[in-house]
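Reader: I would like to go through this structure step by step, beginning with a sheet and its helix and then moving on to other helices. Could you take my questions in turn?

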Amino acid sequence: MRSFGLRKVLLVAILALGSQFLADLKANADDDTITIGLSADLRTADFLNNREFISRTIMGSTVYDALFTTDEKGNSVPSLAVKAEPSADLKTWTFTLREGVKFQDGKTFTAKDVVACLDAIRDPKNASELASDLGSVVSYKADGDYKVIFTVKSPDAEFYTLFTDTFFIQDMDHFDKEHPIGTGPYEWDSRVVGDRTSFKRFDGYWRGKPPFAHVVFRYIPDPQVAALELQNGGVDMLHNDVSMYALDSLKSNPDLDVYHVPGNTLIQGYLNMEKARNGGYKDALAVRQGLAYFWNAQKYVPAIVGGAGEVASQILPPWQLGYDPDIKVWPYDPDKGAALLAKGGINKGDPIKLLVYERPYLCDLATALQSDLKAHGYDAQVQCLAPEAAPAEVAKYQWDVLYFNTSGRSTAMAMYRDRWLSRLAPTPQQKDVRTYKSDEVDALVAKMGQTTDRDAYEKLSQQVSQDILVKDVAVLPLYWENVYVAAQKKVQDVKVSPLAWYPLLMNAMTTVKFAN
């Protein structure tokens, strides 16, 4: 009996030691794994269609590098390209590539890989979402192993910024959408759709050995739940998924750090220039002006958005060269708004359709305008759609205001070039979701590309904004989305860029790691 009791005591002790061993093993494993919460799931791992910022953040922080990346002010700095040199006429650019870089399959990165990726983007059979962004490029070619020469249609003093944290480089010799191979710090590991995407350390990364054995991005659609997960240790970091309702408690938590910079992602209401071009309004400019007078930005943005963003008056952030301080928030004046809507052919009782790409706060902002319009006698209608369902409705052009976001760029010219030029819809018959086609603006942006004089550049930029916002009223700026990162105290060396999709783990600014 006594020996049985002794055996029982020994067994309990062994089990306890085993449990402690497993606990220590898990703790050690956790110390090698960083888990990051995001508000949306990975849409695609394929670099050919990696435009949406969540997918760009995930893949650009792990599998892929770009030719250029960003610093803390959102400026373009070297990554896979070490420099970019223009010709005297600014129409030929020579990119010099970094030597000694390896793909995750061991292949050496060279100029041929850049050319192969660009060829794939421009190949119509791939239907790449990035193809239109290369519209200004006439040609490109490898010049030896570590130079790529580009020719562009017109002088462009900022051509290299087009390749900032976009146009990721993938090994096209072993192209696989489901298991991509790049030059980044972490290799593709596994994915559970609707839950998480996992990556493992690439020991041969050119910036040095990555600090984490594994990186896990978790999809947590509810920001309140995400905040609880961070506080309870379920995730180590939240990137741009910080609940404003939980912000004060996150900031006051001694175990957490909250990082914040003013961003350059603009949340806005596009006004329907395509419908105007097709004769959908009696007086389209009057309609756009009327709707602008009904948008009470100073009231609704702080009340609904809070610390998530700042009221916007224009399409460039206040800290960016080219911002025009003379453009103010459109004044709220429903009487003027009603008179202009009537001039444009929209009378009391008529429908006004507000379409929303569903995103935090956008439906609430659209509903606020709807309530105001209804209070003044209009049949205002709001339709909020998930990102995958919205494009089909957008393309019908039956809406009057489209609530959507525009991801900013590292410079004013890059913003105009990538978001507003006529070439984005290359034929008159092709509809333009960005809603704006203007020969005058195209010419102004071309002049911006021809000057290295910062004062002249700034004045040209301000004239572009005047045309888009004041002359044509093509868009209702709503707010600038602030960029937030919240993390456990053990997460060290976090630095935040205004460009929300920058590679957040190993970049030109820092290498994120756990405290020793």
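Reader: Which strands does helix α3 lie across?
Author: The model is a predicted one, and in it helix α3 spans residues 111-122. This helix runs at about 145° to β6, and the strands that it lies across are β5, β6 and β7.

Reader: Which strands are at the edges of the open sheet?
Author: Four strands form this open sheet, with antiparallel pairing, in the order β4-β5-β7-β6. Neighbouring strands in the sheet are turned against each other by 20° on average, when direction is ignored. An edge strand pairs on one side only, and the two strands for which this holds are β4 (81-86) and β6 (137-142).

Reader: What is the bridge partner of T92 in β7?
Author: Strand β5, residues 92-97, pairs with strand β7, residues 147-152, in the antiparallel sense and over five bridges. Within β7, the bridge partner of T92 is T151.

Reader: How are α7 and α9 oriented to each other, roughly parallel or roughly antiparallel?
Author: Helix α7 (residues 284-294) and helix α9 (residues 334-343) pack with their axes 7 Å apart, at an angle of about 160°, and their crossing is left-handed. Angles over 145 degrees count as roughly antiparallel, and therefore α7 and α9 are roughly antiparallel.

Reader: How many residues of the contact of α7 with α9 are nonpolar?
Author: On the α7 side the contact includes V287, L291 and F294, and these face a group in α9 that includes A338, L340 and L341. Of the residues in this contact, three are polar and two are charged, while the number of nonpolar ones is nine.

Reader: Which elements do the buried residues of α12 pack against?
Author: Eight of the eight residues of helix α12 (residues 412-419) are buried, so this helix is largely enclosed by the rest of the structure. Among these buried residues are M413, Y416, R417 and D418. The elements that they and the other buried residues of α12 pack against are β16 (401-406), α13 (439-450) and α14 (454-471).

Key. Residues numbered from 1 in each chain as written. Predicted model: local features only at pLDDT ≥ 70, side-chain atom pairs only at ≥ 80, totals over all residues. Heavy atoms only, no water. Axes fitted to C-alpha atoms, helices over the stretch in contact; angles between N-to-C directions. Parallel < 35°, antiparallel > 145°, perpendicular 65-115°, else oblique. Left-handed = near helix turned anticlockwise from the far one by under 90°. Contact = heavy atoms within 4.5 Å. Nonpolar A, V, L, I, M, F, W, Y, C, P; charged D, E, K, R; others polar. Buried < 20%, exposed > 50% of the residue type's maximum accessible area, 1.4 Å probe, protein only. Pairing = 2+ DSSP bridges.
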